[in-house]
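Colleague: I have the model open. Can we go through a few points, with the cut-offs stated?

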Amino acid sequence: MNPEEYVLATGQEGADRLLIVQRVHGEDTADLFHRLGDLKGKRVADLGCGVGAISRWIASYVGESGSVWGIDVSEAQIEQAKQLTEQQGIKNIQYSVASAYKTGLPREAFDVAYCRFLLMHVREPERVLAEMYSLIKPGGWLVVEDGDFTTPSCLPPVREVDQVMELYRLAGASQGADFEIGKRLHRLALETGVEETQARLVQPAYLRGIEKRLPIWSLQEATPYLLKNSLATQAEIDHIQSVVERVIQDETYLMTMARMTQVWGKKPQKA
Ligand SMILES: C[S@@+](CC[C@H](N)C(=O)[O-])C[C@H]1O[C@@H](n2cnc3c(N)ncnc32)[C@H](O)[C@@H]1O
């Protein structure tokens, strides 16, 4: 891990949560990639790839003639990513442990540089975006998506569900991250110099199912960090958790996930 502390769990513990993240957001991510046109045979860099849930989907989307290179700063995440990729017999992905600020990947070598739920975790998203831009071939795509964690809630509203997200944002803010980055992602992307930029907002919601548990899992994973930094007491967390658990079990409550901002634009062709 780099000196920037990551609020959530990594390795096996984090893998389970990230596979649920993919169930919740994967469909919208696939929709985003479909908007880029035919990517068969293309080369994609996936920064902050976690356990590779989306890298593996992209690998199938670009086909065997294409390839994905996933990087993550966490060795534990990359270890999980490699294991899961091998188990699934996927051959066109390579992974490395690297910082998104300085990936070490070849310059202007990728048709797409992509990240999801990475920029909200880093202190200097502009620097990560500049690195992504430098990886893209002229005419290639910069593709980013990230959340605004003021938007997850439930309908009708329940105070404790909102408190989960307040604590989650507090944990992020205390380590210099921006869990509301979705609000300014389009501007950050535009500042890189991409052209023909487009943006879209999407927000999944669930009445039932394992996906509805995602907010409570995020709280559970952030709990050690919240306690260690005196951002909440165990009694407060226990109360919130028991109320949110009841909301999850009750199909009359619609749990809304983070609203995602998706932005994509092209690196200009050289004159
Ligand atoms: C919430 S996960 C998202 C994983 C994956 N993109 C997804 O959507 O399923 C964020 C990932 O970013 C990684 N990360 C955080 N800071 C990073 C940095 N500076 N460079 C590279 N990876 C980083 C974490 O280790 C973690 O695996």
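Modeller: Buried means under 20% relative accessible area, exposed over 50%, and partly exposed in between, with a 1.4 Å probe and protein chains only. Helices (H or I, at least four residues) and strands (E, at least two) are DSSP runs, numbered from the N terminus. This is a predicted model, where local features need pLDDT of at least 70, side-chain atom pairs count only at pLDDT 80 or more, and totals for chains, interfaces and linings use all residues. Residues are numbered from 1 along each chain as its sequence is written, and side-chain values use heavy atoms, leaving out hydrogens and water.

Colleague: How many residues of strand β5 are buried?

Modeller: Strand β5 spans residues 136-148. It is mostly covered. Of its 13 residues, the buried ones number 10.

Colleague: Which strand pairs with β5 in the antiparallel sense?

Modeller: Strands pair if DSSP finds at least two bridges between them. β4 (residues 110-116) pairs with β5 in the parallel sense, over six bridges. The antiparallel pairing has eight bridges, and the partner is β10.

Colleague: Which residue in β5 is the bridge partner of Arg-116?

Modeller: Look at the pairing of β4 with β5, which is parallel. There, the partner of Arg-116 is Glu-145.

Colleague: Why do the buried residues of α5 line one face of the helix?

Modeller: Helix α5 covers residues 159-174. Its buried residues include Val-161, Val-164 and Tyr-168. Take the directions from the helix axis to the C-beta atoms; the arc is theirs. Seen down the axis, the buried residues of α5 line one face because they fall within an arc of 155°.

Key: The expected span of a helix is 1.5 Å times one less than its number of residues.
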